[in-house]
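I opened this notebook to keep track of what I looked up, entry by entry, beginning with a term that I needed for one side chain.

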Amino acid sequence: MKKLIIAVAAAACLTGCLNNRRADTAALPPTEDQLLERDITEVHEYDAYQAGDGHTAANSLDYAGTYRGVLPCADCEGIETTVTLSADGTYRMSTRYLGKGDGKVYESSGLYRWDEDGTRITLDYGDGQVYRYFVGEGTLRQLDLVGNRIGGDLADHYILRKAE
């Protein structure tokens, strides 16, 4: 009988500890990777966090500024990319294909808009073409055409870093 009582008490304690751990984990905000791995239709499932404290990349990060990097290219050495975001909702972008052509710099400018959860922006490039980025602390991570994280071996090469 004593063994049964000890076993039940141990099981109750273990269950309580596990429940506390789950509650602690559930209270944490999602990481950048967790946000990017979600399908765009799942964004609204985490609105409780967004509505709970109101913090988003749009209103909490010092995102305005210039971001630079070399993005992957299918038929060249890379695409040297600079994106400048202004707080007034405008952007400037310049790209140069490395190891291909005459080294011409392509420039564009226009408006960008935030998505509903305030973590991603869409740059309207014109002619129906858009670029999407996840906005992180000091980084822009280029997303695919529908706003999902680009995967594969080169996934970490789709990041532009904020210039100092």
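I took buried to mean under 20% relative accessible area and exposed to mean over 50%, with partly exposed in between (1.4 Å probe, protein chains only). The model is a predicted one, in which local features need pLDDT of at least 70 and side-chain atom pairs count only at pLDDT 80 or more, while totals for chains, interfaces and linings use all residues. Residues are numbered from 1 along each chain as its sequence is written, and side-chain values use heavy atoms, with hydrogens and water left out.

Entry: Y97.
I looked up Y97 and found it partly exposed, with a relative accessible area of 33%. Y97 lies in strand β3, where helices (H or I, at least four residues) and strands (E, at least two) are DSSP runs numbered from the N terminus. Leaving out residues up to four places away in sequence, I found Y97 touching C73, C76, G78, I79 and Y106, a contact being heavy atoms within 4.5 Å. I also noted that D75, 22 residues from Y97 along the chain, has its C-alpha atom 9.4 Å from that of Y97.

Entry: the strands.
I recorded 4 helices and 8 strands in the protein, and from the N terminus on the order is α-α-α-α-β-β-β-β-β-β-β-β. Two strands pair if DSSP finds at least two bridges between them. By that rule β3 and β4 are antiparallel over 7 bridges, with Y91 bridged to G110 in β4; their hairpin has 6 residues between the strands, and G99 there takes a positive phi near 75°. Strand β4 (residues 105–114) pairs with β5 in the antiparallel sense over 3 bridges, and W114 has I121 as its bridge partner in β5. I found 5 residues between β4 and β5 in their hairpin, with G118 in the turn at a positive phi of about 75°. β5 and β6 are antiparallel over 6 bridges, R120 standing opposite F134 in β6.

Entry: the core.
How many residues does the largest nonpolar core have? I found 15, with V83, L85, I121, L123, Y133 and L140 making the most contacts inside it; such a core is a set of buried Ala, Val, Leu, Ile, Met, Phe, Trp, Tyr and Cys residues joined through side-chain atoms within 4.5 Å. β1 (65–71), β2 (78–85), β3 (90–98), β5 (120–126) and β6 (129–136) each give two or more residues to this core. Setting aside neighbours within four places in sequence, I listed the contacts of V83, among them G65, M93, L123, Y133, L140 and L160.
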